[in-house]
Each structure stands twice: as structure tokens, then as C-alpha cells.
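Here is a walk through one model, taken a piece at a time. Keep the sequence and the picture side by side as you read.

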Amino acid sequence: MDCLFLSARRTAPALVLLVGFAAPAVAVERAPRPAVVSSLEDALLRAWRINPDIQAQRAQVRATREGEPQARAALLPQVSATAYAGVLATRSLLRGGDTPFSSSTLTQRGVALTATQTLFDGWRTQNNVVQAERLTAAQRFQLRATEQSVFLDVAATFIAVRTGLALVEVQQKNVQFLTTTLSTIRTRLAAGVATPTDVTQAEARLARGLSDLNAVQADLVIARDRFLKLVGAPVSDRLQPVPAVDRLLPRSREVARDLAGRDNPAVLAAEEAVKAADAAVRAAQGQMLPQVGVQGQAARDYDTDSSTRRVDSLQVVGRVTVPLYAGGGPEAQVRQNRELVGVALLQRDSARLQARSAAYGARVGFDTATIAIRAASEEVRAGDATVEGIRKQLEQGIRTVTELLNAQQDAVAARARLAQATGDRAVASFTLLAAMGRLGLEDLGIRAAPLVEPQPAPDTQVRFDAWRDLRTPVGPSRN
């Protein structure tokens, strides 16, 4: 049941500034204003596309993903070309003979092509690849968490604007009622039926009503400005109802808490961070294992000495390096990474506890607001009937002005509580979905044109294929 009361306002016509001196008037057009947003679906779509927090996290995913080819590069050949040119001057001291010294000057030139291939590095590269993949997966889950956090802010602000419009309408009707009542009491005073005290009471209530109206209008202005910051477009004065998401909510508080501990994207990101930290430990341990590699070089040297014009050489060398002592650095790095695994585990547990607590609290707030709506609806019905009854009895002289004003104040407070409880229930439902990781566009049934998103991590069967990025792709290209 939608209990928000919306009011339409007239928008001022677009202004055109005319500047004219001796020349004919020239119309200076203002920059086009962004289209207003009237539905929560449009607000979420716009935020999904242009919100800077979401865009920044998308860029972070793309940047983190580049760590995967960087890690795989260690198993790819390293090829370099070298060219050199210079002058070699020599002077030799001879034994005996007529000339004690011999000198020569050679112009040296040459080119070389060197290729180095790592064959075994203690599985450091494989573990670095796993670490890079897990960090990318963690950033993807963090992107989901950022999106859902922004979506929750957008939904809460949209609902705050709707609630603000409803409260403004309630207070406007209250001011109209009090203004009419004051005019009636002044007429009754002139007729000798009312007293000056009745007039002062009505004036005081009207002043109080104007103050309450100003307060809710100020809250509405703040909510509108926050909406503009999140969505990048102003919100309309005529808003569509907030879509009901009750069908997506769990049956009980315990179920909500369990789902949040399992599916919350912050929890999933923390779990991937644990896997990345564990891979970092194994990569650090690989520094203490033997390293095997091969190096080949093809070179051509010119004018190597006075009797040789050119020398061609081809060299292939295999190397096995066994670390014996490195000052304790690798061991310290292993210990450090093990501590970081413990940190990641604790952060995962903290994220899970926060998600579970947020889901449980949101479900409690949802249930409480549901009860408050029922009570406020009954209170509004009774309050309206009471005001109408006392007004008629006042005309008959069997009720006082004070009783009428008190009854009106109670009725206005009931309508305000109903509007607020309706908004609180909607916010609690979206908060619960966000805590469970189910506040995405696809979860809400909102269709959006696909963006060019980062691709998922490579399949485990080919992720250690160091040559994959150099092969001609088969099928759809990878972005």
C-alpha cells in the first residue's frame, strides 16, 4: 500500500536572455539541463553508468587485471637486440727490438641478439599468477560491493525525496486548515461567540505549523541535493512509486543473516584476498628453490682486430642457480606473508560479521516499520474522523477551539508518522538486499545495455600457459 502523498509543482518556463544594443537582439541559449529523474529504475541506471565511485572501481578492476599478464611474463622468453660501435686504442710494451712500443687503433662495430628463457623458478611464477588472479577476482567483488552501496544510497535518497514531498504536502494542508480555522475564529470573535484567547491559540498553532512546514521543506532541499550528487540529474516533483521488493526478501531474520554471511560481495572479496595472500606465501618460498634457465645469443662483430674483418658467433648456455644464503631476506619475506594471511583471515571474519549484523538489523527494521505502518494507518483514519467530528461539534457550541486544534495536531502527526514509516520500510528492504548482495540491477529485474567489462579470470586449464597471449586467438577476441 503506497501511503506517500505526492504534490505536483509548476516549473518555471525556460528563460531566454536577450542582449541587444545597436545590433538586433540575439538570443543567448543556456546550457541544456539534464533530464529530471522520476523513477527509481532510471535513477539506478543513471548511477550505474556515471557515478564516479562506480567508474573508479571499474578502472581499479582493469588496472588490477593487468597484474595477470605481468605475472605470466616471467615464463615468457626475454629477447633483446644490441648494437654497438666504438674505437679501441691499444699501446703495448715490447721486449727487445728496435721499437719498445706497439700501438694500434681499431674501429669496433657489432650487433647481437640475446634470448633468455626461464625453465624453472621454484613455482614462483605459477603462484604469482594465482595471486594476480585472486586479486582481480577480489576487485570484481569489490566492484559489486561498490555498486550495491551506491544503489542503496540512491534508493534511500529517492525514498527520502518521496517522503519529503509527502511531509511537505501534509504540512501544507495543515497550514491551510489552521489558516481557515483562524479566519473562522476571528469571524466568531466579531460575532461575540469566540474569545480573544481562542484567536491567540489559533495564531500560535498557525505559527507552529509554518515552522514545521519550513523544516520539512529544508529537509527536502537537502535530499534533492544529495540525489543530484549521486545520480547527476535533478529529481522530478512527480515521482513514480517505489517498486516493491518484498518477494526478494528472506522469510526470517536468521535466514537473512546466513545469506549475508555467505553472499555479501565484501565477504567474497575478503575470501579472494585470503587466497591471494596464501599464494604470496608460496611465491616467497620459491625464492629458496633452484632456478633453471637457458640463454642463447647470436652476434656479429666487425673489425675485431687488424687481421679480422668479421666474426660471427652463436652461443647457447644453460644455467642452474642454487640459492645458498641470501642474508635471511627470503625467510623474512615468507614470515611476513604468513602474517598477512592472518590479517586477511581476520578481515574476512570481520566483513562476514558486519554483513550478518547489517542484514539482521535491516530485517528487524523492516518488520518494525511494517507494524508502524499498520498502526499509523489506523491512527490516520481515526484522527481524520475525530477532527471532522470536533469541528461540527464546535459549530454547535459543545466543543472548544483548543480541542479542535489538539485533534488537528494529532492527525497531522499521525500522517507524518505514516509517511515516515512507509519510507523507513522501503529503505530497510533495500538495506537488507544490499547486505545479502542482492541489490544489483539484474536482481531488481532492471535491464541495462551491457558495458565493456573486464573479462573473468582465465580457465584453470590454461592459466599457466605462458605463450597464450602470443598465439593467434581462435573465436571471439578477448578484451
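How many salt bridges does a search of the whole structure find? The search turns up 26 salt bridges, each one a side-chain nitrogen of Lys or Arg within 4 Å of a carboxyl oxygen of Asp or Glu. Before going on, a word on the ground rules: this is a predicted model, where local features need pLDDT of at least 70 and side-chain atom pairs count only at pLDDT 80 or more, while totals for chains, interfaces and linings use all residues. Residues are numbered from 1 along each chain as its sequence is written, and side-chain values use heavy atoms, with hydrogens and water left out.

Let's start with the salt bridge between the side chains of arginine 134 and glutamate 272, with N and O 2.5 Å apart. This pair ties together distant parts of the chain, since arginine 134 sits in helix H4 (residues 124-190) and glutamate 272 in helix H7, 138 residues apart. Helices here are DSSP runs of H or I with at least four residues, numbered from the N terminus. Both arginine 134 and glutamate 272 are buried, meaning under 20% relative accessible area, where exposed is over 50% and partly exposed is in between (1.4 Å probe, protein chains only).

Now follow H7 itself. At its start, a side-chain oxygen of asparagine 264 comes to within 2.9 Å of the backbone nitrogen of alanine 266. H7 covers residues 265-285, and at 1.5 Å a residue its 21 residues should span 30 Å; the end C-alpha atoms are 31 Å apart, so the two agree. The expected span is 1.5 Å times one less than the number of residues.

Arginine 352 and aspartate 349 meet through their side chains at 3.8 Å, N to O, and they are separated by about one helical turn because they are three residues apart in H8. Arginine 352 is partly exposed, at 23% relative accessible area, and aspartate 349 is partly exposed too, at 32%. These two also belong to a network of salt bridges that links Glu271, Arg348, Asp349 and Arg352.

With a relative accessible area of 34%, glutamate 388 counts as partly exposed, as does lysine 392 at 45%. As for the whole of H8, its 67 residues should span 99 Å, and the end C-alpha atoms are 94 Å apart, which agrees. After H8 comes glycine 397, whose phi is positive, near 85°.

What about the nonpolar side? A nonpolar core is a set of buried Ala, Val, Leu, Ile, Met, Phe, Trp, Tyr and Cys residues joined through side-chain atoms within 4.5 Å. The largest one has 74 residues, and Leu44, Val154, Phe430 and Leu439 touch the most other members. Several helices give two or more residues to this core, among them H4, H8 and helix H9 (401-435). H4 gives the most, with 18 residues.

Leucine 439 is worth a look. Setting aside neighbours within four places in sequence, its contacts (heavy atoms within 4.5 Å) include Gln148, Phe151 and Phe430. There is also a second, separate core of seven residues, including Ala277, Ala284, Val334 and Val341.

Methods. Polar contact = N/O pair within 3.5 Å; in protein donor to acceptor, adjacent residues only side chain to side chain.
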